[in-house]
Amino acid sequence: MNLQSGVAPTYGGLADLLASVPAETWDAPSLCAKWQVRHVVAHVTMPARLTPGQFGAEMAAAGGDFTVLSDTVAARDAFLPVSEHLAHLRSPLLHSWQPPGGGAAGALSHAVIHSLDVTVALDRPTVAPAEAVVAVLDQLTAANGALFGVDLTEVRLEADDTDWDWGSGEVVRADSGRLVALLSGRTLPDGRALRRG
């Protein structure tokens with residue numbers, strides 16, 4: 001698939017979902033440690049809000065540490081009006097954005113992984129297109145778990161909603177979205193997690 005083409009429907013699907021939920025859902029915990037749903041949305045929509053100059057200033061203020069920047073911006077912008085969050089999720093600026101050095105693959109994985117941080121935590125269906133989720137599974141397993149420090153030694157991953165599988169050893173079976181979450185170092189609501197490397 002054209003990787004960038006999976007970004008807009010993922011963010012658009014997330015916007016559609018969040019436009020239909022009760023207001024308190026925005027305060028529900030996500031799969032991202034310490035972040036509520038609203039923090040995840042504030043994080044992923046930074047490219048729709050911040051100009052390159054503003055981002056550079058934020059990075060300088062964070063001492064060049066992207067994690068510090070992410071936490072700072074998410075905490076500050078999480079409580080913007082819901083209407084603004086939804087507009088940012090639907091923004092063409094966000095849909096065309098690519099992370100520095102990450103290209104289309106990075107843009108897609110960012111969209112898919114963070115959308116799953118919301119949908120899996122809320123026990124809602126995956127909003128990313130199925131082929132986008134599989135493309136991210138392929139990215140994460142091609143790196144053998146290294147992107148998020150996950151140990152895939154003697155692990156076999158099997159998706160129960162498509163014919164995707166990878167590896168050999170102890171079977172970890174879940175839908176493809178939950179497998180992406182596991183490969184991204186997340187702990188699922190049922191307590192399952194992959195070993196850290």
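**A friendly note on this predicted model**

1. Let's start with a charged pair: in this predicted model, D165 and R156 form a salt bridge, their closest N and O atoms lying 3.5 Å apart. D165 is partly exposed, with a relative accessible area of 39%, and R156 is partly exposed too, at 24%.

2. R156 also forms a salt bridge with E158, where the closest N and O atoms are 2.7 Å apart. E158 has a relative accessible area of 18%, so this residue counts as buried, the cut-off being under 20%.

3. Now follow E158 to another partner: its side chain meets that of R173 in a salt bridge of 3.1 Å, N to O. Because R173 sits in strand β3 (residues 170-174) and E158 in strand β1 (residues 155-159), the pair ties together parts 15 residues apart in sequence. R173 is partly exposed, at 44% relative accessibility. The whole structure has 13 salt bridges.

4. Next, look at two helices. The axes of α1 (residues 7-19) and α8 (residues 103-122) come within 9 Å and cross at roughly 20°, so the two helices are roughly parallel to each other. The crossing is left-handed. Among the residues that meet are L14 and L17 in α1 and A111 and V118 in α8. By class, this contact has 10 nonpolar, 4 polar and no charged residues.

5. Finally, find L94 in helix α7 (residues 92-96). Is L94 buried or exposed? L94 is buried, with a relative accessible area of 0%. Its contacts beyond four places in sequence include V7, Y11, P47 and H88. L94 and V7 are 87 residues apart in sequence, yet 8.6 Å apart in space, C-alpha to C-alpha.

Conventions:
Residues are numbered from 1 along each chain as its sequence is written. This is a predicted model: local features need pLDDT of at least 70, side-chain atom pairs count only at pLDDT 80 or more; totals for chains, interfaces and linings use all residues. Side-chain values use heavy atoms; hydrogens and water are left out. Helices (H or I, at least four residues) and strands (E, at least two) are DSSP runs, numbered from the N terminus. Buried means under 20% relative accessible area, exposed over 50%, partly exposed in between (1.4 Å probe, protein chains only). Contact means heavy atoms within 4.5 Å. Axes are lines fitted to C-alpha atoms, for helices over the stretch in contact, and angles run from 0 to 180 degrees between N-to-C directions. Angles under 35 degrees count as roughly parallel, over 145 as roughly antiparallel, 65 to 115 as roughly perpendicular and the rest as oblique. A crossing is left-handed if the near helix is turned anticlockwise from the far one by less than a right angle, and right-handed if clockwise. Ala, Val, Leu, Ile, Met, Phe, Trp, Tyr, Cys and Pro count as nonpolar, Asp, Glu, Lys and Arg as charged, and the others, Gly among them, as polar. A salt bridge is a side-chain nitrogen of Lys or Arg within 4 Å of a carboxyl oxygen of Asp or Glu.
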